[in-house]
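Subject: Structure handover

Hello,

Here is the structure I promised to pass on. Please open it and keep it on screen while you read.

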Amino acid sequence: MPRETGLPPGTLMMLVLRVLSRQPMHGYAIAQRIHQVSAEELSVEEGSLYPALQKLLLKGWVKAAWRESESGRQVREYRITPSGRRQLETEVAEYRRMASAIGLLLDQA
């Protein structure tokens, strides 16, 4: 059976916020960073990433501005906001709580 290389459901916005908490990035760089930091286990497709970024913008958790990339192209750079940082803390705590509970079940059930 082929191995799924996508993200676990419900984690994309949290991972995007986490990546942006280090530095502002454009969309392609966000996807590349997630892939790289996950030891190439996780991949983010454009069809998932850009709708997630749009939701983050609408919620006020990120801001975006156009800038010129190293290659001279205009790219939209995303930056986490203070409310985005608070949301990230909340989501990470919840994710860790749930992962711990699932780990207990896997080990003891």
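Below is what was found in it, topic by topic.

One caution first. This is a predicted model.

**The sheet**

Start with the strands. Three of them form an open sheet, in the order β1-β3-β2. The pairing is antiparallel. β1 and β2 stand at the edges, and each has a single partner strand, so one side of each is left without a neighbour in the sheet.

Now look at β2 and β3. β2 covers residues 62-68, and β3 covers residues 74-80. Seven bridges join these two antiparallel strands. You can check two of the pairs yourself. Val 62 has Ile 80 as its bridge partner in β3. Arg 67 stands opposite Val 75, also in β3.

β2 and β3 make a hairpin, with five residues between the strands. Find Gly 72 there. Gly 72 takes a positive phi near 90°.

**His 26**

Next, go to strand β1, residues 25-26. His 26 lies in this strand. Is His 26 buried or exposed? His 26 has a relative accessible area of 16%, so it is buried, because buried means under 20%.

What does His 26 touch, once neighbours within four places in sequence are left aside? The contacts are Arg 67, Val 75, Arg 76, Glu 77 and Tyr 78. Keep Arg 67 and Glu 77 in mind. Both come back under salt bridges.

In soluble globular proteins, nonpolar side chains tend to be buried together.

In this model, the largest nonpolar core has 22 residues. Val 16, Leu 20 and Ile 30 have the most contacts inside it. Four elements each supply at least two residues of this core: α1 (12-20), α2 (27-37), α3 (46-59) and β3. The largest share comes from α1, with six residues.

Click on Ile 30. Not counting residues up to four places away in sequence, Ile 30 touches Val 16, Val 19, Leu 20, Met 25, Leu 49, Leu 53 and Tyr 78.

How do α1 and α2 sit relative to each other? Their axes come within 10 Å and cross at roughly 100°. Angles from 65 to 115 degrees count as roughly perpendicular. α1 and α2 are therefore roughly perpendicular to each other.

Side by side, these are the residues that meet. From α1 come Leu 15, Val 16, Val 19 and Leu 20. From α2 come Ile 30, Arg 33 and Ile 34.

**Salt bridges**

How many salt bridges does the structure hold? There are four.

- Glu 70 and Arg 67, at 3.9 Å.
- Glu 77 and Arg 79, at 3.8 Å.
- Arg 97 and Glu 94, at 2.7 Å.

Salt bridges link Arg 67, Glu 70, Glu 77 and Arg 79 in a network. Glu 70 is exposed, at 71% relative accessibility. Arg 67 is partly exposed, at 24%. Glu 77 is buried, with a relative accessible area of 18%. Arg 79 is partly exposed, at 43%.

Arg 97 and Glu 94 sit in helix α4, residues 82-108. Being three residues apart there, they are separated by about one helical turn. Glu 94 is partly exposed, at 36% relative accessibility.

**Apart in sequence: two pairs to check**

Ser 48 lies in helix α3. Ser 48 is partly exposed, with a relative accessible area of 38%. Ser 48 and Met 13 are 35 residues apart in sequence, and 9.9 Å apart in space.

Pro 8 lies in the segment before α1. Pro 8 counts as partly exposed, at 36% relative accessibility. Pro 8 and Glu 94 are 86 residues apart in sequence, and 14 Å apart in space.

**Where to begin**

Arg 67 stands opposite Val 75, is in contact with His 26, and meets Glu 70 in a salt bridge. Then turn to Ile 30, one of the residues with the most contacts inside the largest nonpolar core.

Best wishes

Notes:
Residues numbered from 1 in each chain as written. Predicted model: local features only at pLDDT ≥ 70, side-chain atom pairs only at ≥ 80, totals over all residues. Heavy atoms only, no water. Salt bridge = Lys/Arg side-chain N within 4 Å of Asp/Glu carboxyl O. Buried < 20%, exposed > 50% of the residue type's maximum accessible area, 1.4 Å probe, protein only. Contact = heavy atoms within 4.5 Å. Pairing = 2+ DSSP bridges. Core = buried A, V, L, I, M, F, W, Y, C linked by side-chain atoms within 4.5 Å. Axes fitted to C-alpha atoms, helices over the stretch in contact; angles between N-to-C directions. Parallel < 35°, antiparallel > 145°, perpendicular 65-115°, else oblique.
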